[in-house]
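Work through the following exercises with the model at hand. Each task is followed by a stepwise solution.

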Amino acid sequence: GLYNFERTVIDDSRLAGRPAEIFVGKMFKMEVWETLLTSMRVGEVAEFWCDAIHTGLYPIVSKGMRLIAQGKDPLEGQRHMCGMGNLFHYHSTGFPELDELMRTPQPLIFIMELLQVGDPMSYHRESWMMEKDEKLQTVPVLHMQGNALVKQRQFREAASKYKEAVLLLKTVQSREMPGDIDYINLGRMIIPLELNYCQCMLELEEYYEVIEHTTELLEKHKGKDCVKAYYKRAKAHAAVWNEKEARRDFNTVAHLDITLASLVNRELKALSERMKEKYWEEKETYWNMLEKKGATNEEVANEREGEDKGKQGDSENPRPMFISFCCHFFIPVSSFQHFPCCLSPPPPPSSSHLPPNPVSLCTHQVDQQGEDWESLENVRLPLTLNLSQCMLELKQYQDVVELNTKLLKKHKGNIC
């Protein structure tokens, strides 16, 4: 807490429900805590006052402890740099009281209770706790454990062992100068562990994981040492239908190691068979989809045709819209007694592509100012409309345009 009159509490690990743990001698950010705790006995509760010089990094430690209590990763979102560098990069810890403590460092009071002191070998030591020699001694043990798990076909557990061993070697390698003999030897030790990990991923059908790891391995190591990497990547590409990439890697294997040519030929033959099977399966699938779609369209068309026939059966005429209108223009047949032309045979067909209209033939012999002319015009309108509909069905669109253009010039106010 703060060293003030109110003794303001900043953090209380009891509220988190989990006591804090410190590994002494591992360069903890709050070095003063190691000094304080090593001076206490188990079960003792003590209060310590620390000046601002020794508590300057407490806001960073407090932030990590708070994130852990929330079930979050304390390193989430950080870049690969020291804690102070990350703090200056993001300008804030995310907690106002800690930001204030960063701006104005001040003495703090720590009340500590020592619950337990563990033996150095009584817990699982993570890689950051190990020295270089200890890491190198752990790698063969993890390798043997992974091999034993593979024999039991526990591939996921074996993969975790191989991966842990690779991480230990990479940690040691990162402290060596690239190009040095130690750096190169460590890289060679990583290869078989990576290949074993990839084999476990192949067994678990994690093909894209295999492609990623083998590609990374081949970017650093080439030649006969990585023939198995090419082979495993080819198997992974073949499993995810990357035919071109699979053939390229298989051919590389045969080129690097001629003794594997027969194996490569078998794999290429099997790949060709699988691609053919996939082709025919996809073709059959698409064909079935088209057939179903065609059958559906045919059913819809039949339903519509049935509906149209039902509507036509309920009506006296096939075009009820025109007929209901045309009935208003009915005139008795006796009216045609005044037009002997209608009883005479029609004239020979003209050169026009339009069919002859009987009413039009009669109008040539009738006075345009008389009642007979008006009666014929009333008959012409529905007949012309019916004729236009027939031409539409016959797809004689130009004739329909010409016929109705003439009709509209004479009957501008008609809704038809």
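A crossing of two helices is left-handed if the near helix is turned anticlockwise from the far one by less than a right angle, and right-handed if clockwise. The model is predicted: local features need pLDDT of at least 70, side-chain atom pairs count only at pLDDT 80 or more, and totals use all residues. Residues are numbered from 1 along the chain, and side-chain values use heavy atoms, without hydrogens and water.

**Exercise 1.** Determine how helices α6 and α7 pack and which hand their crossing has.

Step 1. Helix α6 covers residues 132-151 and helix α7 residues 155-173; helices are DSSP runs of H or I with at least four residues.

Step 2. Their axes, 8 Å apart, form an angle of about 160°. Because angles over 145 degrees count as roughly antiparallel, α6 is roughly antiparallel to α7.

Step 3. The α6 and α7 crossing is left-handed.

Step 4. Contact means heavy atoms within 4.5 Å. Among the contacting residues are Leu136, Val139 and Leu142 of α6, and Ala158, Tyr162 and Leu169 of α7.

Step 5. The contact of α6 with α7 comprises twelve nonpolar, six polar and five charged residues.

**Exercise 2.** Decide whether Glu267 is buried or exposed, and list what Glu267 touches.

Step 1. Glu267 lies in helix α12, residues 261-313.

Step 2. The relative accessibility of Glu267 is 16%, so this residue counts as buried (under 20% relative accessible area, with a 1.4 Å probe).

Step 3. Leaving aside residues up to four places away in sequence, Glu267 touches Tyr231, Lys235 and Phe250.

Note on methods: Axes fitted to C-alpha atoms, helices over the stretch in contact; angles between N-to-C directions. Helix = DSSP H or I, 4+ residues; strand = E, 2+ residues; numbered from the N terminus. Parallel < 35°, antiparallel > 145°, perpendicular 65-115°, else oblique. Nonpolar A, V, L, I, M, F, W, Y, C, P; charged D, E, K, R; others polar. Buried < 20%, exposed > 50% of the residue type's maximum accessible area, 1.4 Å probe, protein only.
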